[in-house]
Amino acid sequence: MAYSDKLIDHYEQPRNVGTLDKEDPNVGSGLVGAPACGDVMRLQIKVNPETQIIEDAKFKTFGCGSAIASSSLATEWVKGKTVEEAMALKNTDIVKELNLPPVKIHCSVLAEDAIKSAIADFRKKQAVARGEAPEAAAPNDETIVPLTK
Amino acid sequence: MRSPFDILGVEARFDLDQVALEKRFRDLSREVHPDRSRRAELGASIDLNAAYRTLKDDLARGRAVLEARGVPMQGEERENDPAFLMAIMELREALGDARAARDVAKVEALAAQVADTYAASCRALAASLEAHDHGAARRHLGRMRYYRRFLDEVDVIREENELA
């Protein structure tokens, strides 16, 4: 089965690989995982709080070529968009653009989730900065597996 | 479709005696070996091999136990624990750095750490299946997959280093 040229291009030359300062109040970080394959993806956005425009976006993905290409494309697309516009991005847009095969659709879902999760993180930080009570974190019913560096 | 447990004629449980399982597989293989029997039995031989592969592997066997109990596996547990995902991300980054630096000792140290955690998860999976706590079993299976992906990456690095 042949992968599309766009997919291969994003995989071989991923755009916006890197990290933004997650302590910056204008930076939202989204960290998501794919239970079906064990891939992890982090996507970060830097938003101008006045205009709500996403001025920078970075990602780091440990996963297959389709997951890397999906997150690379996602960072390209959200840059220059408002938070509201970025929120409207759908995984099906990524599927179409990269011509992802059916078995790789979950990679685009992961990228969409990463964008939404980064936006949620940014909005939460803004709410805290405005002095509004942050949303309570979801309760966790399981102890974390200890992993030391 | 027959379950891998049915095909090998063993009890549908996670804690299988792997030595007995291998012997059973060999015995059955002789019976259905395509060289020795009708062409139609080629299919049986393929099914038997697939069933044995499933039952040899912790992750696949764990899923097979859930399937045999009628627990749906689609819509798998989403990993929602940010601390867990963060830990995985940091481990993958550390492994990437060690790979770039060709730091074999660091790669092996990380691999040993993750292999231990994988083994602990596997024991926890066995316990939750024993207790019929299927929610916990699915969570453990999900986490084991992240560790497995990490260890797959370690294998790739080891091969690279051997070729170098």
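**Notebook: rings and helices in chain B**

I began with B:Phe25, which counts as buried because its relative accessibility is 15% (buried means under 20% relative accessible area, with a 1.4 Å probe and protein chains only). A reminder to myself: this is a predicted model, where local features need pLDDT of at least 70, side-chain atom pairs count only at pLDDT 80 or more, and totals for chains, interfaces and linings use all residues. Residues are numbered from 1 along each chain as its sequence is written, chains are lettered from A and ligands numbered from 1 in the order in which they are written, and side-chain values use heavy atoms, leaving out hydrogens and water.

Next I looked for ring partners. I found three aromatic pairs over all chains (ring centres within 6.5 Å, using the six-membered ring for Trp; planes under 30 degrees apart are stacked, over 60 edge-to-face, the rest tilted). B:Phe25 and B:Tyr52 are stacked, because their planes stand at 10° with the centres 4.0 Å apart. B:Phe25 belongs to helix α2 and B:Tyr52 to helix α3 of chain B, so this pair ties together parts 27 residues apart in sequence (helices are DSSP runs of H or I, at least four residues, numbered from the N terminus). B:Tyr52 is buried too, at 10% relative accessibility.

Then I turned to B:Phe84 and B:Tyr146, an edge-to-face pair with 5.4 Å between centres and 80° between planes. I place B:Phe84 in α5 and B:Tyr146 in α7 of chain B, 62 residues apart. B:Phe84 is buried at 0% relative accessibility, and B:Tyr146 is buried at 1%. With B:Tyr147, they make a cluster linked by ring pairs.

Notes:
Helix = DSSP H or I, 4+ residues; strand = E, 2+ residues; numbered from the N terminus. Buried < 20%, exposed > 50% of the residue type's maximum accessible area, 1.4 Å probe, protein only.
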